[in-house]
Amino acid sequence: MKKLGFGLMRLPVFDGNSKAIDIETVKKMADRFMENGFTYFDTAAPYHNGMSENAFKEAVAERYPRDSYTITDKLSLFMINSAEEIPSFFERQLTNLGVDYLDYYLLHSLNRNTFEKAEKFGAFEFAFRKKNEGKIKHVGFSFHDSPEVLDKILTAHPEVEFVQLQINYLDWEDKNIQSRRCYETAVKHGKKILVMEPVKGGALANIPKAAVDLLKSVRPDISVASWAIRFAASLENVYMVLSGMSNIAQVDDNLSFMKDFSPLSDKEKETVMQAADIIRNSIAVPCTSCRYCVDGCPQKIAIPDYFGVYNEFKRFEESRLWNAKNDYKNISKNNGKASDCIKCGLCEKRCPQNISIRKYLEEIAHTFE
Ligand code: SF4
Ligand code: SF4
């Protein structure tokens, strides 16, 4: 199978409303993807506020034979309050997707806390029961925590077939994310690896000029984003790299270098690590815009949107202050302000990037209000 997967979490939408997916454009994107021999799609119940699974049904399941594509969905334990809810959650997913079995099923976003919940609810046992019934072909989990926690989970559940990890060249040596050590832990346990966030939520497509200049000096012919996807796909034990594509141009760009994929050369690997150093020095908040923090916030604060504005501002400092203040004001019209934060900490428990959200919201309130 080709190593590029279509992540259905950042689809094109109308008027910035994440539920209002532009399904005709998604159909065109899916067609382009399939025509070029790619078959792997990835979704989850919370994506697009519950509408991503349905978009897959309309764009792919209702238009292509079942054996022509591969679909991955996830058991999002943070949306489930008891073991009894799991079977109906799963059945609803099959209905939403318009399929009668899944190729891959992941326990979604495991970390030290959600792992405890998974054990308490018998989530692994449920997934393997469904595998025995032929409703799931392969069982794994996506993961956001330390290599030590990953080792503990894989030791407790050697039956798991694959792991989905956050791997990108910026997080490879990051002290918080520890991509490299997580990758090595999965390899030690002999697991297939799927990669999420290779472009870090789009951040590695929009990097500082000095980093762009460096990459272009080595390969002027390829896009900045392509370096990020090729980095992940070049790792020996990586089976699939997901890209959350948002428009046809991104699909075309990804296909241009993944159709006949060539791994990074030694010189390219060295260059990309130098670019990572430049980028690391320019990012204020390492948010990937996954939006896991938003749902539980009692103050309805648009956390990732404020972080986006803040990062942009920090990158250009004073020259962007007026625009950034304006952007901030527009977002806060329909959402809680950064200063509305009551510091309950719910968001930080959900953040896969371990970001000190409360601390940054204080800085943002101070800067923009
Ligand atoms: S700590 Fe602040 S931002 Fe986070 S969930 Fe609570 S109120 Fe919302
Ligand atoms: S703050 Fe964390 S949970 Fe919220 S969108 Fe950013 S990375 Fe995701």
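User: Buried means under 20% relative accessible area, exposed over 50% and partly exposed in between (1.4 Å probe, protein chains only). Which residues of α15 are buried?

Analyst: The model is predicted: local features need pLDDT of at least 70, side-chain atom pairs count only at pLDDT 80 or more, and totals for chains, interfaces and linings use all residues. Residues are numbered from 1 along each chain as its sequence is written, chains are lettered from A and ligands numbered from 1 in the order written, and side-chain values use heavy atoms, without hydrogens and water. Helices are DSSP runs (H or I, at least four residues), numbered from the N terminus. In α15, residues 357-368, the buried ones are Ile357, Tyr360, Leu361, Ile364, Ala365 and Phe368.

User: What arc do they cover around the axis?

Analyst: An α-helix has 3.6 residues a turn, so residues three or four places apart point the same way. The buried residues of α15 lie on the same side of the helix because their arc, taken from the directions from the axis to the C-beta atoms, is only 145°.

User: How many nonpolar residues does the shell around ligand 2 have?

Analyst: Near means a heavy atom within 4 Å; the residues around ligand 2 include Cys287, Cys290, Arg291, Cys293 and Ile357. Ala, Val, Leu, Ile, Met, Phe, Trp, Tyr, Cys and Pro count as nonpolar, Asp, Glu, Lys and Arg as charged, and the others, Gly among them, as polar. By class, the shell has one charged residue, three polar and, as nonpolar, eight.

User: Which residues are closest to ligand 1?

Analyst: Its shell divides into nine nonpolar, two polar and two charged residues. Of the 13 surrounding ligand 1, the closest are Cys297, Cys341, Cys344, Gly345 and Cys347.

How values were computed
Helices (H or I, at least four residues) and strands (E, at least two) are DSSP runs, numbered from the N terminus. The expected span of a helix is 1.5 Å times one less than its number of residues.
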